[in-house]
Each structure stands twice: as structure tokens, then as C-alpha cells.
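Biologist: Hi, could you walk me through this one? I'd like to go over a few spots together.

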Amino acid sequence: MGRVIALVDMNSFFASCHQAENRDLEGKEVVVAGDPERRTGIVLACSYPCKAKGVKSGMALWEAKKLCPDATYFKPHYSLYVDYSTRILKIMRDFTDLVEPFSIDEAFMDLTGVIHLFGTPLEIAMKIKKKIRSEVGVSCSAGIGPNKLIAKMAAGLQKPDGLTIVDTVEDYRKAFYDKPVRELFGIGPRYERHLRYFNIHTIGDLANFPVEILKKRWGKNGEMLWYCAMGIDYSPVSPTSLNTSKSIGQQRTLPRDLRGFEKIKVVILELSEMVSRRVRQGGYVGRTVFLTLRDTQLNFLSKAMSMRDYTDLPDDIYQTACRLLSKHWDESWSTRLVGVTFSNLVKKEHQQFDLFGWEERQEKMVKACDAIRDRFGESAIFRGISLTEESLKYGR
């Protein structure tokens, strides 16, 4: 017997969590959006009645209010979403321990070994959907297939509250080859634009395209896209996939535009502090810093630089990010968004201090700050520079 993989996908998850908390809102217009005063006023999620009126994720809040003036609007409540996600994963693990969280509102399950316990794949999926609905109060769509890719694609066929089974790779090809290539998992607008140059418009076009040309153009990514188009995926359902981080980052849209390196460096330092704290909490060290910047014209820059040695210290991340800033950004440009990401992460197993003890002193200071934050909260101690007007903490 081949593999039986399921993908369970929560419908309009953030909005559904608020509806589950407020039963009177079930089936009504609900929008979750950021705060316009902090220039994060975009729609993050909305219920299906709002989608039917044209509201979609990424839309400006004022646009959503024009389309749905009577909807109930919520600011994002991430701890609530994490709580609901945890409860849903617990239900899924009642059926199999092979559950791999894919995002906060999606998870894969390998049902191959439990079919004899709970029934056919269709019966198992219906039981899971019913249990999530009755115990958590949100609806979900499910897709079942012989691998993770096909399960993911199948789950997208019927929403909301759908259930689709694609038994074989051949069934996948019949169902998806005529669909636009943009609907293939992993294909965004940028890839779609590039593929159009090769006269590739459908998933079938991509599957029938010579893989050697794709590899030459995009390397391993090109080959992976070809395999996806063919419906081929051998990756296992890995319950520990989130136990190892590949990168950790923080990104902020600024409350006000900043111009000048000294002002932008204040934000970079605070983001470096946040990133390094999470890196240490995970027990990692890393080498590569990515700096992301966006100006008022929405021009986007993302550059990376690797350090010689692994580190988890905020000053090392900050200094590297500042070198990227001075090398790739013009001081006269107004900056609207800043992001710092630390990658090339490995588990911290040993540490090499420098000859003059600078890193050892930094390490002791960082450990002391971590101990204070662990006991009294993240805002219990911060740098003096966070009292300046450019700080992300200013005015909070």
C-alpha cells in the first residue's frame, strides 16, 4: 500500500478564532487587520462573507471598510491564534503521532499506519474535521493524497470546509495539468512572470518542459518546481521539522519614515537585540546576517553578509547589519521598513573567546540581561538608545 498523507488547513484562521470566541459572529463579516496609526493597517485575514465582497489579505484597512462597513474589526491577537493552533494539533495527534505543523493554520499528517485503526482515509478525515469543529469551534478543509505536495494541492480545491481526495499521481495530473501554473505550490507572481517567457502557462506546460533548462536557469529550485509540477514528492512527514530553525528574523514597518544612517541604526540595533535573544533561546549560533530595507516608494532591498565566526551576540549581528547598510543604502533615502534576519544557524555546542576577553565580557552582560528578561519580562531592561525618538519602543 502506498502512502496516505493528509493536509488539514484551517479556513480564514485568524478570523475564525475570533468567531469561535464570539459565537454571535459565526457566519458574519469579520476582519482582522493591523493598526493604521502604526502604518500596519492592512488586512491579515477575513471571514468568507467579507471575501465574497472582495476583501482580501494585504488590502488596506480603509479599502476593506469601504467594502464591508458593517463588519466587526479585530486587531491581531497572536497568543489567541497560537492557543487555537495548539489545540488543533493535539486533536490531530490523537489520530497519529506523525503530524508536521506547516504553519500556524496548516499541518500534514501521515495516515498510512493508522488506517486499520480509524477507517478509510475519507472516514478519518471526516472524523478529524468533525472533532476540530466541535471541540475548537473552527472549520477546516482537508486534502488527501499519496504525498505532501498532492495533499496540499488537494486541500485547496474545496474551500471552505472542503474535503478532497486525490488517490494517485495520475489523478493529480488529470486534475491539475490544465490549471494555471500560478496555482502550483511554490509558484509566486515572480516565478509566474519568468515562466511566461518560456511559454509556460499551465502546470502541465511546466511538467512537460525540459528539466535541464529549468535547472540551468534556477538551479535546484528549477528542478524542484519541475518535480512539483509532475506531482512527485518523496519528503516525509516530520513531526520535528520545527525543532530546528534555519533562520530567525524580525521586521518592522516604522511608525514614521527615517532618513539618515544614525537614525536607522537605532532600529537595526533594537531588531538585532530581538533576533539574538531568540537565537539564544533556541540554543543556536549563526553566521549570516540579512538586512532588509524598504523606502517610501516601496523599493525593496535585501542583502546578506556572513561573518567569519559563529555568534549569538547582538553587537556582532548589529555591526554586520550596519556594514550592509552603509554599503548598499543611500543615507538620503527615506526608510519605511527595516528587517534583520540571522541565518546559517547551528546548535551551540562550544564557544571560542577572543584573546582580550571582549567576547567573554559581552557574553556575561548578555546572560545577565537574559536572566532579568526571563524573570521580569522583555521590557524590564533595554538600551538607553531605546529612549530616543527613533526607537521602536518610543511612545509605547
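Modeller: Happy to; we'll go through salt bridges, strands and a few single residues.

Biologist: Great. What should I know before we start?

Modeller: This is a predicted model, so local features need pLDDT of at least 70 and side-chain atom pairs count only at pLDDT 80 or more, while totals for chains, interfaces and linings use all residues. Residues are numbered from 1 along each chain as its sequence is written, and side-chain values use heavy atoms, with hydrogens and water left out.

Biologist: How many salt bridges are there?

Modeller: The count comes to 21 salt bridges. The rule asks for a side-chain nitrogen of Lys or Arg within 4 Å of a carboxyl oxygen of Asp or Glu.

Biologist: Which residue does E273 pair with?

Modeller: E273 forms a salt bridge with R383, at 2.2 Å from N to O. E273 sits in helix α13 (residues 261-281) and R383 in the segment after α15 (358-376), so the bridge ties together parts that are 110 residues apart in sequence. Helices here are DSSP runs of H or I with at least four residues, strands are runs of E with at least two, and both are numbered from the N terminus.

Biologist: And is E273 buried or exposed?

Modeller: E273 is buried, because its relative accessible area is 16%. R383 counts as partly exposed at 26%. For the cut-offs, buried means under 20% relative accessible area, exposed means over 50%, and partly exposed is in between, with a 1.4 Å probe and protein chains only.

Biologist: What else does R383 form a salt bridge with?

Modeller: R383 also has a salt bridge with D315, where the closest N and O atoms are 2.8 Å apart. D315 lies in helix α14 (residues 314-328) and R383 in the segment after α15, so this pair ties together parts that are 68 residues apart in sequence. D315 is buried, at 15% relative accessibility.

Biologist: What about E363 and K348?

Modeller: Their side chains meet in a salt bridge too, at 3.3 Å from N to O. E363 belongs to helix α15 and K348 to the loop between β13 (346-347) and α15, so the pair ties together parts that are 15 residues apart in sequence. E363 counts as buried at 8% relative accessibility, while K348 is partly exposed at 29%.

Biologist: Which residues are linked in a network?

Modeller: R277, R280, D370, D374 and E378 are linked by salt bridges in a network.

Biologist: Switching to strands: in what order do β2, β3 and β4 line up?

Modeller: The order is β3-β2-β4, in an open sheet of 3 strands with mixed pairing. β3 and β4 (72-74) are at the edges with a single partner strand each, so one side of each has no neighbour in the sheet. On average, neighbouring strands of this sheet are turned by 25° against each other, direction ignored. Two strands pair if DSSP finds at least two bridges between them.

Biologist: Which helix packs on that sheet?

Modeller: Helix α1 (residues 13-21) does, touching β2, β3 and β4, and its direction makes about 120° with that of β2. Contact means heavy atoms within 4.5 Å, and the axes are lines fitted to C-alpha atoms, for helices over the stretch in contact, with angles from 0 to 180 degrees between N-to-C directions.

Biologist: How do β2 and β3 run?

Modeller: They run antiparallel, joined by 3 bridges. A33 has V43 in β3 as its bridge partner.

Biologist: And β5 with β6?

Modeller: Strands β5 (residues 99-103) and β6 (residues 106-110) run antiparallel as well, with 4 bridges joining them. They form a hairpin with 2 residues between the strands, and S103 stands opposite E106 in β6.

Biologist: Last one: where is M305, and what does M305 touch?

Modeller: M305 is in strand β11 (residues 300-311). Leaving out residues up to four places away in sequence, M305 touches R287, T288, V289, T320, R323 and L324. M305 and T320 are 15 residues apart in sequence, with 7.0 Å between their C-alpha atoms. At 21% relative accessibility, M305 counts as partly exposed.

Biologist: Thanks, that helps!
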